[in-house]
Amino acid sequence: MLPMRVRTFSRACATAMTATLVLLPQPLLASGGHFEDKLADILVWVVLVLAPVIGIGVFLAVHILPEKVAENRGHPQLDAIKTLCLLSLVFGGVLWPLAWIWAYSKPVMYKLAYGKDRVEPHGPGGSDAHDVEADESEILRLRRRVAELEATPRSGLPA
């Protein structure tokens with residue numbers, strides 16, 4: 001499915017083409033062979049101007065698909081995959097298959113280092129607020145435990 005911007009642009013182009021054909025002068029429509037010439041001129045401009053713009057839009061929309069896949073899967077190396085997608089645009093799509101493979105792969109070394117292979121979304125309402133509350137409660141629990149240990153009498157330990 002195409003992104004919303006591409007669909008909106010396509011609808012705008014279709015509306016502009018319809019308006020152009022509707023607003024053609026009436027004598028032109030009544031004439032014998034001139035209508036076909038004028039219609040051919042309009043179609044040439046559509047093909048020369050709109051087709052490349054739509055083609056470039058579709059090319060860009062397809063090249064960001066690995067980035068969207070990595071984002072949906074919670075890939076921890078999302079920024080690197082985004083960069084690879086941009087580099088793929090610069091190099092004419094040569095790196096695009098690598099971006100697909102990377103987006104669908106599981107980062108084994110990341111799991112060894114951080115204990116998980118997914119990154120939860122951050123931001124307002126995300127997991128950051130919950131993590132801060134959990135950290136604060138853990139700190140309070142540890143302080144209470146230290147206070148309990150300090151209050152207990154030491155047996156056999158030098159002062």
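The chain exposes about 12,100 Å², of which carbon and sulfur atoms supply 67%; accessible areas come from the Shrake-Rupley method with a 1.4 Å probe, and for residues only the protein chains shown count as cover. The structure is a predicted model, in which local features need pLDDT of at least 70 and side-chain atom pairs count only at pLDDT 80 or more, while totals for chains, interfaces and linings use all residues. Residues are numbered from 1 along each chain as its sequence is written, and side-chain values use heavy atoms, with hydrogens and water left out.

Of the 159 residues of the chain, 16% count as buried (under 20% relative accessible area; exposed is over 50%, and partly exposed lies in between, with a 1.4 Å probe and protein chains only). The secondary structure comprises 8 helices and 0 strands, and along the sequence the pattern reads α-α-α-α-α-α-α-α. Helices (H or I, at least four residues) and strands (E, at least two) are DSSP runs numbered from the N terminus. Among contacts (heavy atoms within 4.5 Å) between residues at least 6 apart in sequence, 49% join residues at least 24 apart.

Two packed helices are described by the angle between their axes and the distance between the axes. Axes are lines fitted to C-alpha atoms, for helices over the stretch in contact, and angles run from 0 to 180 degrees between N-to-C directions. Helix α4 (residues 65-73) packs with helix α6 (residues 96-104) at an angle of about 10°, the axes being 9 Å apart. The two helices α4 and α6 are therefore roughly parallel (angles under 35 degrees; over 145 counts as roughly antiparallel, 65 to 115 as roughly perpendicular and the rest as oblique). On the α4 side the contact is made by Leu-65, Pro-66, Val-69, Ala-70 and Arg-73, and on the α6 side by Trp-96, Ala-99, Trp-100, Ala-103 and Tyr-104. By class, this contact has 9 nonpolar, no polar and 1 charged residues (Ala, Val, Leu, Ile, Met, Phe, Trp, Tyr, Cys and Pro count as nonpolar, Asp, Glu, Lys and Arg as charged, and the others, Gly among them, as polar).

Helices α4 and α5 pack at about 170°, with axes 9 Å apart, and are therefore roughly antiparallel. Pro-66, Glu-67, Ala-70 and Glu-71 of α4 meet Leu-78, Ile-81, Lys-82 and Cys-85 of α5. The residues of this contact divide into 5 nonpolar, no polar and 3 charged.

Ser-88 lies in helix α5 (residues 78-90) and is buried, with a relative accessible area of 0%. Not counting residues up to four places away in sequence, Ser-88 touches His-63, Gly-93, Val-94, Leu-95 and Trp-96. The side chains of Ser-88 and His-63 are joined by a polar contact of 3.5 Å (a pair of N or O atoms within 3.5 Å; within protein, one must be able to donate a hydrogen and the other to accept it, and residues adjacent in sequence count only if both atoms are side-chain atoms). Leu-86, also in α5, counts as exposed at 56% relative accessibility.
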